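Trainee: Before we discuss any labels, could I see the model, so that each term can be set against its cut-off?

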Amino acid sequence: MTYADGRTDRGVVDASSMQGVPAILTGVAAMAAGDALVKSLATDVSLSWLIVVRSAAAVVLLAALYGVSRRGNSARARRTDTRHHCGLVAVRSLLLAGMWLCYYVALPHLSLSLAAALFYTSPIFICLFSIVIKVESFSPRRALALAVGLTGVVTSLEPWRAEINGYTLLPILAAALYAVAQLMTRTRLRNTDSTILAAAMNTALLLLSGVIMIGGMLPWGWESFSPAPEAVAWSWMGAAAITALAVLISITAKMTAKAFQTGLPTVIGIFDYAYLLFAAVLGWLCFGETPAMNNLLGMALIMASGAILLPGWRRLMPDRR
């Protein structure tokens with residue numbers, strides 16, 4: 001049974017619990033595509049400029065989408081819910097903006113594999129926080145899926161090959177911020193329009209990154225931003241790339257919010273691992289990056305973690321009631 005505030009009184013994973021899975025898969029696929037596009041542009045356009053302009057374009061796009069979708073009684077009801085929870089929307093947006101910035105701050109000082117492995121501790125935080133605040137009860141099957149998925153992440157990325165430094169705490173902090181924000185989505189903002197949540201997150205990221213960048217408070221590489229960014233950024237190809245990035249981050253933000261509004265947080269968190277699968281496929285298609293054997297084994301474990309949660313597995317490993 002699931003209550004109106006998003007709490008559930010048992011650890012059962014059934015078909016209704018999987019409602020948010022298509023949304024999270026769509027969201028992480030769009031995120032992987034956006035990251036691949038950022039990687040392809042990284043040698044021509046500074047990361048700071050991409051983040052600011054991408055967020056600004058996404059806010060415009062999501063505002064237009066909301067303007068189109070606001071017609072109708074259900075939209076009016078959601079607007080009323082948004083007005084009642086505008087403070088919570090702002091807090092959630094700042095948490096997610098802080099998540100992105102913590103991750104981006106760490107990237108220049110960590111290998112991508114280590115940063116990703118540390119960030120994908122987020123399902124563990126989601127599971128623990130869900131139990132602590134009684135959003136979900138303990139389920140052996142979800143715990144097994146979580147362990148198998150995390151093993152797949154570690155096997156695929158081999159973070160122990162990277163050098164450990166003080167910046168390793170930042171992706172873990174980002175994971176915790178992500179978990180808190182998405183549990184807030186589930187328990188307090190379940191009926192808020194996901195388009196508004198996505199637009200608010202991009203607005204917070206735009207404002208926060210803009211203030212920090214203009215203030216010159218970051219010593220780790222944002223100084224590459226300048227009043228006149230690289231010429232490629234102002235070309236037609238650059239405009240098309242920014243538009244594509246805005247569309248992809250909008251899909252990511254909207255679908256991720258929708259997933260946590262409709263599915264069990266721990267289940268959605270485990271399917272969040274699918275990002276690594278999409279990233280590997282795009283790396284192979286776009287950059288000719290051939291996955292090593294450990295990458296393939298890790299991907300197989302990640303897919304197995306999702307398969308464990310499928311309703312048919314209840315006959316083999318029932319959930320605790």
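**Reading the labels of a predicted model**

Mentor: Of the 321 residues of the chain, 50% count as buried, and please keep in mind throughout that this is a predicted model.

Trainee: How many helices and how many strands does the chain have?

Mentor: The chain holds 13 helices and zero strands, and its elements, read from the N terminus, run α-α-α-α-α-α-α-α-α-α-α-α-α. Among contacts between residues at least 6 apart in sequence, 89% join residues at least 24 apart, while the accessible surface of the chain comes to about 14600 Å², with 70% of that belonging to carbon and sulfur atoms.

Trainee: Why is Ser 48 called buried?

Mentor: The cut-off for buried is under 20% relative accessible area, and Ser 48 has 3%, so Ser 48 counts as buried.

Trainee: Why is Leu 61 called partly exposed?

Mentor: Partly exposed covers the range between the buried cut-off of under 20% and the exposed cut-off of over 50%, and Leu 61, at 36% relative accessibility, therefore counts as partly exposed. Leu 61 lies in helix 2 (residues 47-69), and together with Val 247 and Ile 251 it makes a nonpolar surface patch of about 190 Å².

Trainee: Which residues have the most contacts inside the largest nonpolar core?

Mentor: That core has 70 residues, and those with the most contacts inside it are Ile 24, Met 99, Phe 119, Val 153 and Tyr 178. Helix 4 (residues 86-106) gives the most to this core, with eleven residues. A second, separate core of eight residues includes Leu 41, Val 45, Trp 49 and Leu 50. Leaving aside neighbours within four places in sequence, Tyr 178 is in contact with a set of residues that includes Ile 24, Met 99 and Phe 119, and also Ser 122 and Asp 272.

Trainee: How do you know that the span of helix 7 is close to the expected one?

Mentor: Helix 7 (residues 140-157) has 18 residues and reaches 26 Å from its first C-alpha to its last, to be set against the 26 Å expected at 1.5 Å a residue. Its buried residues include Arg 141, Arg 142, Val 153 and Leu 157, and helix 7 is followed by Glu 158, whose phi is positive, near 45 degrees.

Trainee: What does the corresponding comparison give for helix 12?

Mentor: Helix 12 (residues 274-287), with 14 residues, reaches 19 Å, which is close to the 20 Å expected. Just after helix 12, Gly 288 takes a positive phi of about 65 degrees.

Trainee: Why does Tyr 275 count as buried?

Mentor: Tyr 275 is at 12% relative accessibility and the limit is under 20%, so Tyr 275 is classed as buried. Tyr 275 is found in helix 12, whose buried residues are covered by elements that include helix 1 (21-41), helix 7, helix 11 (265-271) and helix 13 (293-308). Setting aside neighbours within four places in sequence, Tyr 275 is in contact with Val 28, Met 31, Ala 32, Asp 35 and Tyr 120. The C-alpha atoms of Tyr 275 and Tyr 120 are separated by 9.8 Å, with the two residues 155 apart along the chain.

Definitions and conventions
Residues numbered from 1 in each chain as written. Predicted model: local features only at pLDDT ≥ 70, side-chain atom pairs only at ≥ 80, totals over all residues. Heavy atoms only, no water. Patch = residues over 30% accessible without salt bridge, like charges linked within 9 Å, V, L, I, M, F, W, Y side chains within 5 Å. Areas by Shrake-Rupley, 256 points an atom, 1.4 Å probe, with all protein chains shown as cover. Salt bridge = Lys/Arg side-chain N within 4 Å of Asp/Glu carboxyl O. Helix = DSSP H or I, 4+ residues; strand = E, 2+ residues; numbered from the N terminus. Buried < 20%, exposed > 50% of the residue type's maximum accessible area, 1.4 Å probe, protein only. Core = buried A, V, L, I, M, F, W, Y, C linked by side-chain atoms within 4.5 Å. Contact = heavy atoms within 4.5 Å. Expected span 1.5 Å × (residues − 1).
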